[in-house]
Amino acid sequence: MKLLVCISNVPDTTTKVKFTDNQTRFDSSGVQWIINPWDELALTRAVDLKEDGSNPINEVVVITVGLTNTEPTLRKCLAIGADKAIRIDTEPKDAYFVSQQIASYVKTNAFDFVIFGIESGDYNGSSVGAMVAEWLDIPSVSSVSGIRFNGNQALIERDTPTGKEQIEVNGTAVLVVQKGFAKEPKIPNMRGIMMARQKPLEVIPAVAAEALTNYVGFELPQPKAKVKMIDADNMAELVKLLSTEAKVL
Amino acid sequence: MSVLVYIENFNGKIKKQSFELASYASKVAAGMDTFPLALVTGKIDDSELQKLGSYGIKKTFKAENKFFSVQNDRLLAQLIKQVAEKEQAELLLFSDNATGKALAPRLSVKLKAGLVSGVVAEPISISPFVIAKRVFSGKASAKVQINAPIKILTLAVNAFGLHEQAVNNEITTIEPNFDLNDESLKIVEKKEKNEGISLFDADIVVSGGRGMKGPENWKPLEELAKTLGAATACSRPVSDDGWRGHEEHVGQTGKVIAPNLYLAVGISGATQHVAGISRSKCIVAINNDADAPIFEVADYGVLGDAMQVLPKLTEAFNAFKGE
Ligand SMILES: Cc1cc2nc3c(=O)[nH]c(=O)nc-3n(C[C@H](O)[C@H](O)[C@H](O)COP(=O)(O)OP(=O)(O)OC[C@H]3O[C@@H](n4cnc5c(N)ncnc54)[C@H](O)[C@@H]3O)c2cc1C
Ligand SMILES: Nc1ncnc2c1ncn2[C@@H]1O[C@H](COP(=O)(O)O)[C@@H](O)[C@H]1O
């Protein structure tokens, strides 16, 4: 079986975000770029499944839609244990655009599962995975919190609003993963980092596609009013303020 | 022309999020000189559906087929497309939850509609269509323009509130006209849990961090939650270490919630934690370190030991309720 893990290249989660060009563009100066945390967990689980040996997985490929600046992130994916990295060479304009790029690659390169994170940490779209499933007209499983194999049969665990479900999937499917899929991201070791240099990183051209949305401006939140400290021995005061001032009781 | 909202129900009861979405739809539809329609799937009584009329919904379609009682995104999306096309919907609305996140992108592809997810307010302008959404996990907001005749939005939970506006709601049953035999997904096991108040629906959330010191200390926190009718939550290390269940984890890599009141107890306020709670209307922090970053995002702060403050706070709330 072949797994494709889709990787979004995002600013480190502790980044202080800033904008330039009259607040119309994200200011990437000094920003540290990382594998989107959800995608990192997805990749971790995919690599674990393959390395475990008792599962029918023989290849893990990562893909990103992005310019050359995303290559260090792809190298890190290779160091974590992906076998091959694909970069579709274009600026990721919006989810509608990115999803067509990924779908076009999957159409000519068969995979059993195409795995996505629930959202990218930058623009928080939560869209690319389900869009790819629709372009390919294949099933998708959302809120995936686990995957295991029974011989060649994959069993997918997903969270529902009222509990959990185990699902059997027949044929290629999109998985959109969330918490629980893997616990801690895999840290690449020295050997992984060395091996990553030899692994293939293919750059392929983009297909013609449209974007349907564009960002016209950004705003930072208003600075918050200073916290009001309440004496620990006067909880009645806090309750009063919550009721009369904040009006949340 | 119309605005179409997808309404979710839980065992025949409409979710609060869906009433909020209906309120939003009515408001936005008025601004677009059109009217809001609702689509509901699964088994649900007309008396329950009538409630949508209280939030301005003029017409409700229901599709009862048993296939729509399970989440098969592919089939649901086909049904929504049929209704959207028939009713010439120019705007489709979903809640920004697991269901909305699964369906809205599929409809975007099917209808070549521009999608913006996690919107927090009414459109800034209709033509061109510009709307605000949160980005960078709440660290900023963005204005996004949709350049397509059909638009789709998912509305962040608790961003708009409930606004009553009673109208007459006409209910129509519809039959989908496509093949419902999709065998690609098979549910082999279903586990239901009784988790009390769901984190997403709760008006008040009481949340504990590593400052609680250990799972055995959660009793006073649970008591406070019970007094307030609140849901309980926790920081990531707390769920990673198994002190609490994973369903309680909030933050960038957990749930993103927006209650009216969030009480953070023994939580330092790391940026990844704040990403999950920053849209709360009011944040109260209890922490024994005056320099804890949580005090920078909190509205009210209490400097002290959690174990001592929690019972006092519960007592104060009880006294307040008694008044
Ligand atoms: C990619 C990534 C994603 C992450 N996602 C999340 C996420 O989704 N959610 C999340 O929560 N974290 C997340 N984290 C982890 C985050 O960075 C912090 O490590 C975490 O939030 C800290 O949890 P905490 O506040 O419970 O513990 P700590 O940081 O250890 O803080 C404990 C606090 O309790 C206080 N305290 C101690 N004793 C007492 C007492 N007796 N009474 C009162 N207060 C006391 C201390 O002063 C301190 O402020 C993520 C990290 C990364 C790198
Ligand atoms: N530019 C991209 N290249 C490859 N995969 C992406 C890209 N952007 C998003 N994804 C994938 O889609 C998921 C959801 O992203 P989004 O819809 O942008 O929130 C991410 O977790 C990734 O798995």
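The model is a predicted one.

Student: Within domain 1 of chain B, which residues lose the most area to domain 2 of chain B?
Tutor: The domain assignment of chain B places domain 1 at 2-173 and domain 2 at 204-322, and the contact between them joins nine residues of domain 1 to 10 residues of domain 2. On the domain 1 side, three residues together account for 70% of what that side buries, and they are Arg134(B), Ser137(B) and Asn158(B).

Student: How much area do chain A and chain B bury between them?
Tutor: The contact between the chains involves 76 residues of chain A and 79 residues of chain B. In chain A, Glu134(A), Lys179(A) and Leu212(A) lose the most area to chain B, although together they make up 10% of what that side buries. Of the area buried between the two chains, 57% lies on carbon and sulfur atoms, and the total is about 6,900 Å².

Student: Are α6(A) and α9(B) oblique or parallel to each other?
Tutor: Helix α6 of chain A, residues 235-244, packs against helix α9 of chain B, residues 306-322, with the axes 8 Å apart and at an angle of about 55°. Angles under 35 degrees count as roughly parallel and those from 65 to 115 as roughly perpendicular. The two helices, which cross in a right-handed sense, are therefore oblique.

Student: How many nonpolar residues does the contact of α6(A) with α9(B) have?
Tutor: From α6(A), the contact includes Met235(A), Leu238(A) and Leu242(A), and among the residues they and their neighbours in the contact meet in α9(B) are Leu313(B), Phe317(B) and Phe320(B). By class, the contact has one polar residue, one charged residue and, as nonpolar residues, 10.

Student: Into which classes do the residues of the contact of α3(B) with α4(B) divide?
Tutor: The axes of α3(B), residues 73-86, and α4(B), residues 98-111, come within 9 Å and cross at roughly 55°, which makes α3(B) oblique to α4(B). The crossing is right-handed, and the contact is made by residues including Asp73(B), Arg74(B) and Lys81(B) of α3(B) and Arg106(B) and Leu107(B) of α4(B). These contact residues divide into eight nonpolar, one polar and six charged.

Note on methods. Residues numbered from 1 in each chain as written. Chains lettered and ligands numbered in written order. Predicted model: local features only at pLDDT ≥ 70, side-chain atom pairs only at ≥ 80, totals over all residues. Heavy atoms only, no water. Axes fitted to C-alpha atoms, helices over the stretch in contact; angles between N-to-C directions. Helix = DSSP H or I, 4+ residues; strand = E, 2+ residues; numbered from the N terminus. Parallel < 35°, antiparallel > 145°, perpendicular 65-115°, else oblique. Left-handed = near helix turned anticlockwise from the far one by under 90°. Contact = heavy atoms within 4.5 Å. Nonpolar A, V, L, I, M, F, W, Y, C, P; charged D, E, K, R; others polar. Domains from an automatic or database assignment. Buried area = accessible area lost by both parts, 1.4 Å probe.
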